[in-house]
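Here is a short briefing for a reader who is new to this structure. Keep the sequence and the model in view as you go through the points.

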Amino acid sequence: MAQQTTTLYETLGGEGTIGKVVDYFYELILADPTVSKFFENTDMEKQRKHQTKFISFALGGPYQYTGASMAKAHAGMNLQPEHFDAIANHLGAALEHFGVARKDVDKVLNHIGTLKDDILYK
Ligand code: HEM
């Protein structure tokens, strides 16, 4: 049977609204000393790209990652659970700020949680 699903990415209007969520998410990350340090040598353009791809992944948009590529992207960072959780909290806050219902936020956080083992301690 054919399965039809509308992703949260589409519901939020694809790239348009996603850009606003990205800007807000990005501000929250930079204002948080737990995680801002990881981005201090990354230029703004790269950071925006990171956040855009991250959110696309999280909401079921066009960028969907495999664990192997995520392990490689975060190699040498030795990310800890506290870093992952801080990013997840900021993502949740940014989505709620743009009117996403808590139950949908929880689904998104579960989805990014599937990459946790591939990203931590690399
Ligand atoms: C599920 C969670 C995550 C996803 C899906 C994700 C996604 C990505 C992607 C796609 C890239 C490569 C970006 C590119 O193409 O240039 C990347 C790199 C990076 N990620 Fe993540 N990330 C996650 C968690 C984290 C966390 C928790 C941190 C730190 C607190 C982090 C910090 C970084 C940094 C610093 C880079 C390198 C940026 C650069 O200098 O080019 N990421 N991530």
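Ile119 sits in helix H8, which covers residues 116-119. The model is a predicted one.

**Ile119**

- Is Ile119 buried or exposed? Ile119 is buried, because 20 other C-beta atoms lie within 10 Å and the cut-off for a buried residue is 20 or more.
- Which residues does Ile119 contact, leaving aside neighbours within four places in sequence? They are Met70, His74, Leu79 and Phe84.
- Phe25 lies 94 residues from Ile119 along the chain. The C-alpha atoms of the two are 19 Å apart.

**Helix H4**

- H4 runs over residues 44-58 and has 15 residues.
- From its first C-alpha to its last, H4 reaches 21 Å. That is close to the 21 Å expected at 1.5 Å a residue.
- Buried residues in H4 are Gln51, Thr52, Phe54, Ile55, Ser56, Phe57 and Ala58.
- Gly60 follows H4. The phi of Gly60 is positive, near 80°.

**H2 against H4**

- The two helices pack at an angle of about 120°. Their axes are 9 Å apart.
- The crossing of H2 past H4 is right-handed.
- On the H2 side, the contact is made by Ile18, Val21, Val22, Phe25 and Tyr26. Phe25 is also the residue whose C-alpha atom is 19 Å from that of Ile119.
- On the H4 side, the contact is made by Gln47, Arg48, Gln51, Thr52, Ile55 and Ser56. Among them, Gln51, Thr52, Ile55 and Ser56 are buried.

**Around the ligand**

- How many residues surround the ligand? There are 20.
- The closest are Val35, Thr42, Ala73, His83 and Ile112.
- Which helix gives the largest share of the shell? H4 does, with six residues.
- H4 and H6 each supply at least two residues of the shell.
- The shell has 13 nonpolar, four polar and three charged residues.

Note on methods. Residues numbered from 1 in each chain as written. Predicted model: local features only at pLDDT ≥ 70, side-chain atom pairs only at ≥ 80, totals over all residues. Helix = DSSP H or I, 4+ residues; strand = E, 2+ residues; numbered from the N terminus. Buried ≥ 20, exposed ≤ 12 C-beta atoms within 10 Å, placed from the backbone. Contact = placed C-beta atoms within 7 Å. Expected span 1.5 Å × (residues − 1). Near = placed C-beta within 6 Å. Nonpolar A, V, L, I, M, F, W, Y, C, P; charged D, E, K, R; others polar. Axes fitted to C-alpha atoms, helices over the stretch in contact; angles between N-to-C directions. Left-handed = near helix turned anticlockwise from the far one by under 90°.
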